[in-house]
Amino acid sequence: MKKTYTCIVCPMSCRITVEEQEEGMKVAGNGCGRGKEYAMNEHTLPKRTLTTTVKVENGRLRRLPVITDSPLPKAKREECLKEIYTVCVQAPVHYGDIVLENVCGTGVDVLASRSVQQKA
Amino acid sequence: MKELTIDVAVIGGGPAGMAAALEAERLGVKVALLERNFELGGILQQCIHDGFGLQRFGVSMAGSSYAQKFINEIEKAEMQVFLDTMVLEITEEKTIYACSSQEGMIRLQCGAIILAMGCRERTAGQILLYGHRPQGVMTAGSVQRYINMEGYLPGKKAVILGSGDIGLIMARRMVLEGIEVKGVYEVMSSPGGLTRNIVQCLEDFEIPLYLSHTVTRIRGKHHLEGVTVMKLDGERKPIPGTEKEIDCDLLVLAVGLIPENELSVQAGVEMDERTRGPLLDEDYMTSIPGIFAAGNVSLVFDLVDYVSQSGEIAAQGAVKYLQGKIDSNPEYEKVQYEGNVQFVVPQRIRKGEKEKEVVFFLRVKHPARRAELICTEKEQILVKKKLPTAAPPEMLSCQVKISPGQSPKVQIPETGNSEE
Amino acid sequence: MGEKIQQFLKQKFPEISITAVADARNIVTLSGECESWQQLVDVGHAVAKLENVKNVVSDMTVRGMEIPGRDYEALAREGEKKGVLAEADVVIVGLGIVGCAIARELSKYDLKIVAIDMAEDVATGASKANNGGIHHAGGVKPGTLKAKLSVRGNRMYDQWAEELGFDFIRCGDLLYVEDEEDIDGLCEEFKIALKNGDYRPQLINGEQALEIEPKLADYGRKPVMGLWLPSQGRVHTYEVAVALIENAAMNGVQVIFQCNACGVYTEEGAVTGLLTDQGVIRTKYIINAAGVYADDISAMAGDRCFTIHPRRGTLAIIDKSKKPMFDHLTGRFISAAKQKRNPESKGGGMEFTPSQNILIGPSAVERPDKEDVETTAEELEFIMKINENPEVSERDIIRIFAGTRPADFSEDFVIGMSPIARRFINAAAIQSPGVGSTPAIAEMVEQIVLENAKQEGMEIERRADFNPIRKRPVRFAELSHEEQDALIQERPEYGRIICRCETITEGEILDAIHSLVVPASIDAIKRRTRAGMGRCQGGFCQAKVLEILARELGIKHTEVTLHGKGSNILTEENR
């Protein structure tokens, strides 16, 4: 099976094809080594950093922005979102606080991407 | 009225203003930072997605995190921070009138002023959307604010007009919030946003992108019920017969940003038609000596890292001005440009000073491959930079050493390798 | 008479067959099928122009077209279930500027007045989408009710502005010609102004025109003759309507919004009540100021004496950074024969609001749907052709909008007591120069009510406590910095800027919300305070106004609307 990926490593935006053959993966169209690595990762286990918000109570804001501390497998996104959306934190919250540990068993933590003070 | 005297006043506590204020303080002057919101950070606070800070900090962080880093530093600093404070007027004599509910009116007499008011979004009225005027047509920034800051959804089925990064980011954001995104429509024949965002915000979610398309009619008397989209010809005119009706209750407009220069104009600062920001010199000083501009008020940048950098350049300039190192009635040399160049900032350089390093920011007019960015002085090449690829959404920069009396010219010769 | 009209139509429109029936008042009802909406309008106009025809009612249809209308039966079923909503002496239906003015005029008397509107605020129909001209009488046909009332209304505006605290500028109108062949037309306009009794119109030479408006020379204009009409003025129509209804409410008028009239009760040929979708209002008088729907309301009273054919007008509003070319309203006069425009409309021009925003337009297009306020590329193109300002291009537009003028076929105002339903009074078909005429329209309706009461042996007394003064709201942006400081010290809410384009404070928004006629939508707040009216069109302040509205009215964020029912800004909370 042959699949094409648009490389995002640099602005060249190479169209890289990955083909699974008996002797291994055949990568073509990449302009550099980093592109090859990118396309292979996209082909085998694409990962993304996930950002969203969770509810925060008693804070100066009603929502706390959060970010995963490392990229998550793309396929796990829906499941992880569901779990993240059950979280409700109490202000004050500090930038970098862990809001949710090991989301869906991925080994990835969800962190506060800013501080939120308590309501005055 | 509260009266204050200050060395440098910075108007706007977003990324440009925070960087400028911190840099000015680092250089040892008395700083006041004025912010209209109840907290610092500006628009970064609603940019919860990652991709910020790669140039400056070497890591990709959320916009809110990028802001937090600066806020934490400002909290440790000595400067006076005025929150919930709106600047109403700036005079040519560098007097600022601002108001806040806590302080009443404040009159600040400043040695130098740094304008860092940022930019605002183009609206439905400005892009001439036809049809009804129901609820449900919103700028991407408003949608972003409602969802990320307030925690409310403004619709369930969305169409996005404009494929700039903000539009793409909002496409993904809305899907994550359970809003169905029916497509992104772009007037131009090439996408307005970065490839990375096309891949991660659209392709990941199978959201279609329609180039050379626009919304030609808004339907719905009270609330948006749908839009008509049409394909555009080479002159960006709708092609009859290509009408397509789409049901949606939210039309998100991501159709460009405009520097917010009402205060600058009112103060009498000379403007540049192309950037829609003030005419700047190498220290980001405007046509009024002692008034500087930084960040998106001077031109709309693509990366926040550059915005911070411009804030620092302006702060260094402001301190130089306070130290009397800048001629109060300078003569200028215009920065020339040609080829595939939309604009260059700074637009001019002060004549007759000692050798200096100048950072030029520019954008290309149209996409190009294997081009070259060249900065020349008469026949001499000062800097030459290879551009494997260049596209209008991306800001280019080059640093050039310029000797007194030199008049630089920035050019990107047309290569004939332009895409489309 | 009907026969003769039918023959006339057969000649003029041989391709269609129209039946005409005239009643004792010489009101002609037309029926039959037309080929297009424009043709239907043309037929109506042609008949209305015939000698002795008082007005035209259309039962005509258009081939292949369903003419849109409101479902009053459904509304009536709603209302009938609800019982009595209010008791009143007078009900005013429709709160455009005309309805608001009548409410205020009648609030001088010891009457229980209920004023209703189908929308969530005043001035949401033609009153919000016009250019706010207080017209001189140069363009109005002499002998019409329009001519009489516009001249009188125009003169009443100074006192109104003073009592009611709204922005009013008397900028004057300078018409000039550059081409000798237009002189006759200009003189004709002068004669009309004179005949109508307009205030001091003056025919002047080119030099005098340049004296009045020296900037003409800056633009290379070479006036050979001019007509100076000093009576021309400008207002924000919605602001006048708000001032009027607030003053009316101060004087006891009850205002009910989102209330749809759907039936008129009469006994022995006289009004006894009004059915609305919110219930029945028992009343002696009904005043019909329902704008584009006035013909429907009149029909409910059993008196079909006119038909409204909505005429859409599109306007473009220009960013404040672009200044008007001239200090006075100034335009080149071109004889009507040379222009291609709707012959029934004076047509728009380059105008400006009292806040110095340039306004261009309106266009004039006949549309079958009374609520069809769509903007189109064609109409924008039309109005941008009117643009004479070299500094202004499409790029400077901050908003385009459209409204429908409630035009009837006689193209004159319809004001009077119905001979069929006593105590039912029409104040209908008010289009240009309606804004300027409004004070005189209100006065005329007042006289009709008083006269009728006298005839019927009812005593209507003036109220001793009537207060004609509505104080101008605080406008933070207009104050000196010292005044601003004093104001904030007294009430800190004035120190919080909500709308940054127009510099509108939270204090001003709170003042509006806690006024007698509560603005309960984002647009209503905009009409009171100008918050959201600037170049960012609410992009920055809408969320803040929404927050304030929710807090002050004690409603959920998701319940706040842009302009009433069905226009909620937010659908749900996201967690």
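Mentor: Let us begin with domains, whose bounds come from an automatic or database domain assignment. The model is predicted, so local features need pLDDT of at least 70 and side-chain atom pairs count only at pLDDT 80 or more, while totals for chains, interfaces and linings use all residues. Residues are numbered from 1 along each chain as its sequence is written, chains are lettered from A and ligands numbered from 1 in the order in which they are written, and side-chain values use heavy atoms, leaving out hydrogens and water.

Trainee: Into what domains is chain A divided, and how far apart do their C-alpha centres lie?

Mentor: Chain A has domain 1 (2-44) and domain 2 (51-112). Their C-alpha centres are 31 Å apart.

Trainee: How many domains does chain C have, and where are they?

Mentor: The assignment gives domain 1 (2-62), domain 2 (309-404) and domain 3 (476-559) of chain C. Between domain 1 of chain C and domain 2 of chain C, a contact (heavy atoms within 4.5 Å) takes five residues from domain 1 and seven residues from domain 2.

Trainee: What makes B:Phe301 count as buried?

Mentor: Buried means under 20% relative accessible area, exposed over 50%, and partly exposed in between, with a 1.4 Å probe and protein chains only. B:Phe301 has 7% relative accessibility, and therefore counts as buried. Leaving aside neighbours within four places in sequence, B:Phe301 is in contact with residues including B:Tyr306, B:Phe361 and B:Met395.

Trainee: Why is A:Cys10 called partly exposed?

Mentor: The relative accessible area of A:Cys10 is 28%, which lies between the 20% and 50% limits.

Trainee: Why are H14(C) and H15(C) called roughly perpendicular?

Mentor: Angles of 65 to 115 degrees count as roughly perpendicular, under 35 as roughly parallel, over 145 as roughly antiparallel, and the rest as oblique. The axes, lines fitted to C-alpha atoms over the stretch in contact, with angles running from 0 to 180 degrees between N-to-C directions, cross at roughly 110 degrees. H14(C) and H15(C) are therefore roughly perpendicular to each other.

Technical notes. Helices (H or I, at least four residues) and strands (E, at least two) are DSSP runs, numbered from the N terminus.
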